[in-house]
Amino acid sequence: MRVAVTGAAGQICYSLLFRIANGDMLGKDQPVILQLLDITPALPAVQGVVMELEDCAFPLLAGVVVTDDPNVAFKDADIAVLVGARPRSKGMERKDLLEANGAIFTVQGKALNDHASRNVKVLVVGNPANTNAYIAMKSAPDLPRENFTAMLRLDHNRALSQIAAKTGKSIDGIEKLIVWGNHSPTMYPDTRFATIDGESVDGLINDQAWTRETFIPTVGKRGAAIIEARGLSSAASAANAAIDHIHDWVLGTNGQWVTMGIPSNGEYDIPADTLYGMPVTCENGKYTVITGLEIDEFSRSKMNATLAELEEEKAGIAHLLG
Ligand SMILES: NC(=O)C1=CN([C@@H]2O[C@H](COP(=O)(O)OP(=O)(O)OC[C@H]3O[C@@H](n4cnc5c(N)ncnc54)[C@H](O)[C@@H]3O)[C@@H](O)[C@H]2O)C=CC1
Ligand SMILES: O=C([O-])CC(=O)C(=O)O
């Protein structure tokens, strides 16, 4: 399989590429060709990463392409992990960040449209991930819209870990957790349906104040907490979440719910096309949204708040989409 990855010189890729080449993403029997994209000044650094990939002697790594041209990077790609994005620099407003990334993701969406496999599975990691995925999807009118997804899996995994720590139970047993909405502090990690070994998580925790006032903000602000502690944003855990997201999309979840940022079809009154974190199961390379869940008043207000932020981001880049 051809796996295109952007931002190849960056810190997430320094973890991600080795795990893809090692078979963690697509299986221990699936050879991969990595097609690495970064901007021209970063290409020498990408070459250094390629030297290290060579030095790992991964049996599954069938080839590596290094380029600064999205049309080359996305040629016949089966998987595209869009990590590269413009980070926020000093004095940059959120609007400027949206604009700078909008420019990147319109170009990359068009290159995917023109060159990738018609079945390409696209995962956008680079922030603002949901809106960047929306831009890429809108810039690729010839590809099915369901091929475009945004990464909420890190949030999902963070929530799993917080629940396991709180309950003293193992992560393995936790099912039916959801993280709704935007990959931003407005996201809504929802434990209402979650179980551990069949028992209700809310019942086990039995502390609504903790769930609402500690758990939800801890998950939402975890990225900022890591930046504060490390001086750099999450990289290994972000790479791990990208591996999980594509692994499950391609190889299936055996009926387990996972969270993916996907273009809405109007589920849960989220307007069509909005890239929104939703509960899904995956089978045979397709995801299916879990529908019919009851949305209570608290959940609706949280889901609307994160939706409002996405609508605002969308309005901020509408002019780029012509
Ligand atoms: N969705 C999620 O859960 C998470 C998202 N992120 C986001 O992932 C992104 C990447 O993070 P890091 O690897 O830590 O950043 P980084 O700054 O270390 O690397 C970014 C790389 O992207 C490259 N790049 C910039 N413009 C590009 C373009 N037009 N085409 C190709 N490559 C380009 C840069 O040259 C650099 O090598 C950031 O936007 C970060 O905020 C990070 C953690 C979690
Ligand atoms: O906040 C950031 O820039 C990095 C990020 O998305 C996360 O760790 O969730």
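In this predicted model, the side chain of aspartate 190 reaches the backbone nitrogen of arginine 192 at 3.0 Å. Aspartate 190 belongs to strand S9, which spans residues 188-190. Because its relative accessibility is 0%, and a residue under 20% is classed as buried, aspartate 190 counts as buried. Beyond its neighbours within four places in sequence, aspartate 190 is in contact with Leu177, Ile178, Trp180 and Ser299.

When neighbours within four places in sequence are left aside, the residues in contact with tryptophan 180 include Met187, Tyr188, Asp190, Tyr268, Pro279, Leu293 and Thr306. Tryptophan 180 is also among the residues with the most contacts inside the largest nonpolar core, together with Val5, Leu16 and Leu17. This core has 75 residues. Apart from it lies another core, of 25 residues, among them Leu82, Val122, Tyr134 and Ile317.

The description now turns to ligand 2. Which residues surround ligand 2? They are Asn127, Arg158, His183, Gly223, Ile227, Ser233 and Ser234. This shell divides into 1 nonpolar, 5 polar and 1 charged residue. Several polar side chains approach oxygen atoms of the ligand. A polar side-chain atom of asparagine 127 lies 2.8 Å from an oxygen atom of ligand 2, and an N or O atom in the side chain of arginine 158 is 2.8 Å from an oxygen atom of ligand 2. For serine 234, a polar side-chain atom is found 2.7 Å from an oxygen atom of ligand 2. On its own, ligand 2 has 260 Å² of accessible area, of which the protein covers 72%.

Notes: Residues are numbered from 1 along each chain as its sequence is written. Chains are lettered from A and ligands numbered from 1 in the order in which they are written. This is a predicted model: local features need pLDDT of at least 70, side-chain atom pairs count only at pLDDT 80 or more; totals for chains, interfaces and linings use all residues. Side-chain values use heavy atoms; hydrogens and water are left out. A nonpolar core is a set of buried Ala, Val, Leu, Ile, Met, Phe, Trp, Tyr and Cys residues joined through side-chain atoms within 4.5 Å. Buried means under 20% relative accessible area, exposed over 50%, partly exposed in between (1.4 Å probe, protein chains only). Contact means heavy atoms within 4.5 Å. A residue is near a molecule or strand if one of its heavy atoms lies within 4 Å of it. A polar contact is a pair of N or O atoms within 3.5 Å; within protein, one must be able to donate a hydrogen and the other to accept it, and residues adjacent in sequence count only if both atoms are side-chain atoms. Accessible areas come from the Shrake-Rupley method with a 1.4 Å probe; for residues, only the protein chains shown count as cover. Ala, Val, Leu, Ile, Met, Phe, Trp, Tyr, Cys and Pro count as nonpolar, Asp, Glu, Lys and Arg as charged, and the others, Gly among them, as polar. Helices (H or I, at least four residues) and strands (E, at least two) are DSSP runs, numbered from the N terminus.
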